[in-house]
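Me: I should like to learn how to read packing features from a set of coordinates. Could we begin with aromatic rings?

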Amino acid sequence: MTDGSRDIADLRPSVVLVTGVMASGKSTVARLLAERLPKAAHIPGDVFRRMMVSGREEMTPNQDPEALSQLWLRYRASATVADEYASAGWTAVVQDVILGKDLAEYAALIRTRPLYIVVLAPSAEVVAERERQRSKTGYGAWTVEALDRSLREDTPPLGLWLDTSGQTPEESVRAVLEGLDEARHSAWEAARSG
């Protein structure tokens with residue numbers, strides 16, 4: 001099975017991390033990408049947040065220590081699950097909001113290689129419009145502009161960055177598959193960015 005010039009079987013077994021701000025299209029793109037692959041698991045990071053039923057602290061711009069601790073528990077859980085799927089021969093497509101220096105630190109949690117990092121980076125205006133159209137609200141204490149600024153100013157340029165502002169989800173998946181070489185992450189890149 002091929003997609004353009006890439007054989008999508010090249011992705012198995014591996015981990016693909018799809019990140020970006022809330023309402024950037026991560027869930028949709030990650031799910032569609034997993035559906036296109038011959039043997040893939042979709043691992044939404046928010047599942048691990050929702051597993052914390054009582055005592056959960058939501059992340060806010062204040063970065064409360066307990067909320068940060070819970071965030072990293074969630075990140076470690078998703079990284080472990082991704083590695084387990086990959087070790088069993090699956091492509092694990094992880095999707096979560098991982099920004100700033102956390103991106104390189106998360107990549108270091110993943111043992112599986114190859115690891116592909118895809119950052120969805122539509123414009124703040126497009127994200128704000130998508131947020132208005134969604135049935136769920138992701139922003140709460142955050143603003144689209146503040147999170148977008150964190151993405152663009154604080155996040156190291158790891159992997160494949162896609163401005164998906166004018167793309168359909170299917171076009172974004174095609175761009176991911178065509179950009180796999182750029183998305184591929186290595187330990188050397190992590191050391192350089194840290």
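Reply: Rings of Phe, Tyr and Trp (its six-membered ring) pair if their centres lie within 6.5 Å; planes under 30 degrees apart count as stacked, over 60 as edge-to-face and the rest as tilted. By this rule the structure holds 3 aromatic pairs. In one of them, the ring centres of Trp72 and Tyr75 are 4.9 Å apart and the planes stand at 85°, so the pair is edge-to-face.

Me: Before we continue, what kind of model is this, and how are its residues numbered?

Reply: It is a predicted model, in which local features need pLDDT of at least 70 and side-chain atom pairs count only at pLDDT 80 or more, while totals for chains, interfaces and linings use all residues. Residues are numbered from 1 along each chain as its sequence is written, and side-chain values use heavy atoms, with hydrogens and water left out.

Me: Is Tyr75 buried or exposed, and what of Tyr106?

Reply: Buried means under 20% relative accessible area, exposed over 50%, and partly exposed in between (1.4 Å probe, protein chains only). Tyr75 has a relative accessible area of 2% and is therefore buried; Tyr106, at 1%, also counts as buried.

Me: How does one read a nonpolar core, and which residues have the most contacts inside the largest one?

Reply: A nonpolar core is a set of buried Ala, Val, Leu, Ile, Met, Phe, Trp, Tyr and Cys residues joined through side-chain atoms within 4.5 Å. The largest has 34 residues, and those with the most contacts inside it are Val15, Ala82, Val94, Leu103, Tyr106, Ile110 and Ile117. Elements that each supply at least two residues include strand E3 (14-20), helix H3 (65-87) and helix H4 (102-109). H3 gives the most, with 6 residues. A second, separate core of 21 residues includes Val29, Ala30, Ala34 and Tyr116.

Me: How does the length of H3 compare with expectation?

Reply: The expected span of a helix is 1.5 Å times one less than its number of residues. For the 23 residues of H3 this gives 33 Å, and the end C-alpha atoms are 33 Å apart, so the two agree. Beyond H3 comes Gly89, whose phi is positive, near 95°.

Me: On which side of helix H1 do the buried residues lie?

Reply: In H1 (residues 26-36), the buried residues are Lys26, Val29, Ala30, Leu33 and Ala34. They cover an arc of only 130° around the axis, which puts them on the same side of H1; the arc is that of the directions from the helix axis to the C-beta atoms. Among the elements covering them are E3, E4 and helix H7 (169-178).

Me: What does Thr112 touch, and which side chain does it meet in a polar contact?

Reply: Contact means heavy atoms within 4.5 Å. A polar contact is a pair of N or O atoms within 3.5 Å; within protein, one must be able to donate a hydrogen and the other to accept it, and residues adjacent in sequence count only if both atoms are side-chain atoms. Thr112 lies in the loop between H4 and E6 and is buried, with a relative accessible area of 13%. Not counting residues up to four places away in sequence, Thr112 touches Ser14, Val15, Asp83 and Ala86. The side chains of Thr112 and Asp83 are joined by a polar contact of 2.6 Å.

Me: Is Asp163 buried or exposed?

Reply: Asp163 counts as exposed, at 53% relative accessibility. This residue is in the loop between strand E7 (160-162) and H7, and its side chain makes a polar contact of 2.6 Å with that of Ser165.

Note on methods
Helices (H or I, at least four residues) and strands (E, at least two) are DSSP runs, numbered from the N terminus.
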